[in-house]
Amino acid sequence: MARDTDEAGTGPIRSIVVLGGGTAGWAAASMLARALPGTGIELTVVESPEIGTVGVGEATIPPILDLLRFLGIDEADFCRHTQATYKLGIRFTDWRRPGHRYWHPFGTFGAPINRRPFFHAWQRAVASGGSPAFTDFSLAARLAQANAFRPSGAPGSESAGLRYALHFDAGLVARYLAAYAERLGVRRVAATVRGATRAADGRIEALVLADGTRVGADLYLDCSGFRGFLIEQTLGTGYLDWRRWLPCDRAVALPTAVVRPRPPYTESSARPAGWRWCIPLRHRTGNGYVYSSAHVSDEAALADLLGELPVAPEAEPRVLRFTAGRRRLAWQHNVVAVGLASGFLEPLESTSIHLALSSVYHLLEHFPDRSLAPGNIAAYNAAIAEEIERIRDFIILHYCLTERDDTPFWRDCRAMELPASLAERLELYRETGRIRPRAGELFTDLSWFYIFEGMGVRPRQHDPLIDVVPVPQFAEILRRLAAETAEAARGARPHDEYFDAAPRPAEAVR
Ligand SMILES: Cc1cc2nc3c(=O)[nH]c(=O)nc-3n(C[C@H](O)[C@H](O)[C@H](O)COP(=O)(O)OP(=O)(O)OC[C@H]3O[C@@H](n4cnc5c(N)ncnc54)[C@H](O)[C@@H]3O)c2cc1C
């Protein structure tokens with residue numbers, strides 16, 4: 001039982017309450033339960049039986065597998081229970097211009113030449129009139145294009161550099177993690193929180209439940225979703241609104257039946273006022289249109305989505321509203337916001353669940369005692385702000401480089417004034433072909449390269465150290481790398497074969 005209200009004091013944290021039982025809340029509770037064994041810290045999750053979860057959130061990035069390793073969860077078991085399929089990257093359709101496609105695949109791309117990342121070699125090949133193919137050097141792109149999949153190979157093998165992520169049913173993930181956390185001793189309270197009491201120094205003393213019961217703790221994780229019940233509604237932390245760069249503020253989501261073959265990638269197609277996702281799961285396909293309400297009405301967005309569906313919808317459409325941005329402070333007093341409560345970037349690069357997990361990893365690195373040292377909180381807030389702002393820039397990049405001018409939305413995207421951090425990066429790439437990611441940045445230079453290249457940005461020059469390699473040797477290296485990629489692809493099977501023998505949905509759900 002979490003303790004009743006208590007003075008702040010000093011000494012170790014004795015209890016943590018997680019407010020919210022969505023993906024973020026249960027992931028956070030699982031991670032804390034796993035990371036803090038034997039500390040005697042009481043962990044409680046309070047989740048409302050009345051307030052639903054967002055429920056979407058189907059695409060992830062490769063660090064999701066690190067979570068499973070961290071929790072000691074068997075990947076195959078997790079995938080079976082969450083209806084997961086594999087994701088080798090994202091295919092972007094119509095973003096640069098209608099009819100154009102490009103890949104953002106996971107994993108390695110070629111191999112360094114003269115200690116330079118391979119994308120400089122690509123730039124050299126292109127500058128000298130060649131037309132190399134991504135699929136010759138990215139195993140993930142090659143497999144994705146063929147609707148095939150294989151697990152990563154052992155270190156040193158040709159497929160060792162393959163990385164993948166998962167598409168899953170976020171509702172089932174929350175249930176799976178809830179069962180996991182409860183097995184590790186996390187207490188679940190099914191109740192709606194109506195208010196919170198505060199100490200004179202501003203900290204939260206206790207949550208007040210609908211029946212008047214108080215649940216107190218030394219530390220609170222606000223995982224209450226967009227509303228930010230503690231961080232915003234109670235503490236009034238404030239929100240940085242990024243709609244001037246990311247104008248999409250709504251989504252309409254609709255599941256349909258499985259369409260075979262299930263592609264091992266997320267499809268992202270540009271639409272007149274935003275973009276559409278298509279995500280294959282074992283038991284259904286997730287579809288949605290992320291759009292700017294300033295450029296299209298809800299009715300027109302739904303009509304657009306329905307018009308693109310290959311099969312009839314299986315449920316009523318759900319409209320979700322959001323504002324791109326972040327809380328001014330992710331951690332204030334004894335409240336740490338995690339998940340949607342901390343901010344939101346549209347799901348274009350599937351970063352939201354990752355950011356929730358990353359918040360918890362950062363919290364473990366900055367784990368406080370009851371004195372809640374202000375310097376420690378400031379360091380945490382700076383790390384979180386830096387991480388989400390670099391991801392924000394990466395997402396803006398997909399829009400601002402478009403050649404489309406067929407609708408007011410795309411014309412506005414082309415005309416937007418960029419954040420200085422992004423403008424500098426773009427200029428450096430245009431001048432030198434170099435990308436300088438900062439320490440700890442989620443998206444590597446390779447990911448940035450894929451978007452620059454896919455959107456048609458060609459640098460004025462490439463790294464001169466790549467030119468040191470003589471032409472015949474350079475051609476031979478490229479030939480060998482392409483042969484290795486082709487060889488590694490031979491070990492793949494059709495993606496669907498990984499699931500067709502899997503249990504049916506009713507058996508799979510716990
Ligand atoms: C359109 C859309 C598409 C998305 N797609 C992706 C994607 O592909 N990949 C990805 O990584 N992320 C995606 N996301 C984000 C992803 O859905 C969320 O990051 C994830 O589900 C975590 O949500 P959450 O747990 O923070 O909030 P929620 O799911 O909203 O959960 C909030 C919880 O708080 C509880 N709660 C709230 N108020 C109270 C109260 N007063 N008392 C008690 N309990 C309360 C609720 O009952 C609920 O349990 C998407 C989001 C949207 C909007």
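**Figure 1. Cysteine residues Cys-223 and Cys-278 in the predicted model.** Cys-223 has a relative accessibility of 7% and therefore counts as buried (buried, under 20% relative accessible area; exposed, over 50%; partly exposed, in between; 1.4 Å probe, protein chains only). The structure holds zero disulfides, a disulfide being a pair of cysteine sulfur atoms within 2.5 Å. Cys-278 is in no disulfide, and the nearest cysteine sulfur, that of Cys-248, is 18 Å away. With a relative accessible area of 23%, Cys-278 is partly exposed. This is a predicted model, in which local features need pLDDT of at least 70 and side-chain atom pairs count only at pLDDT 80 or more, whereas totals for chains, interfaces and linings use all residues. Residues are numbered from 1 along each chain as its sequence is written, and side-chain values use heavy atoms, with hydrogens and water left out.

**Figure 2. The open sheet E13-E19-E22.** Three strands form this open sheet in the order E13-E19-E22, with antiparallel pairing. Strands (E, at least two residues) and helices (H or I, at least four) are DSSP runs numbered from the N terminus, and two strands pair if DSSP finds at least two bridges between them. Strand E13 (239-241) and strand E22 (343-344) stand at the edges; each has a single partner strand, so one side of each is left without a neighbour in the sheet. Three antiparallel bridges join E13 to strand E19 (residues 325-327). Leu-240 has Arg-326 in E19 as its bridge partner.

**Figure 3. The salt bridge between Arg-194 and Glu-50.** The closest N and O atoms of this pair are 3.5 Å apart; a salt bridge is a side-chain nitrogen of Lys or Arg within 4 Å of a carboxyl oxygen of Asp or Glu. Arg-194 lies in strand E9 (residues 193-198) and Glu-50 in the loop between strand E2 (42-47) and helix H2 (63-71), so the pair ties together parts that are 144 residues apart in sequence. Arg-194 and Glu-50 are both exposed.

**Figure 4. The salt bridge between Glu-267 and Arg-91.** The two side chains meet at 2.7 Å, N to O. Because Glu-267 lies in strand E15 (residues 266-271) and Arg-91 in strand E4 (residues 89-93), the pair ties together parts that are 176 residues apart in sequence. Glu-267 is buried, with a relative accessible area of 11%, and Arg-91 counts as buried at 15% relative accessibility.

Figure 5. Glu-182 is partly exposed at 33% relative accessibility, and Arg-188 is partly exposed at 38%.
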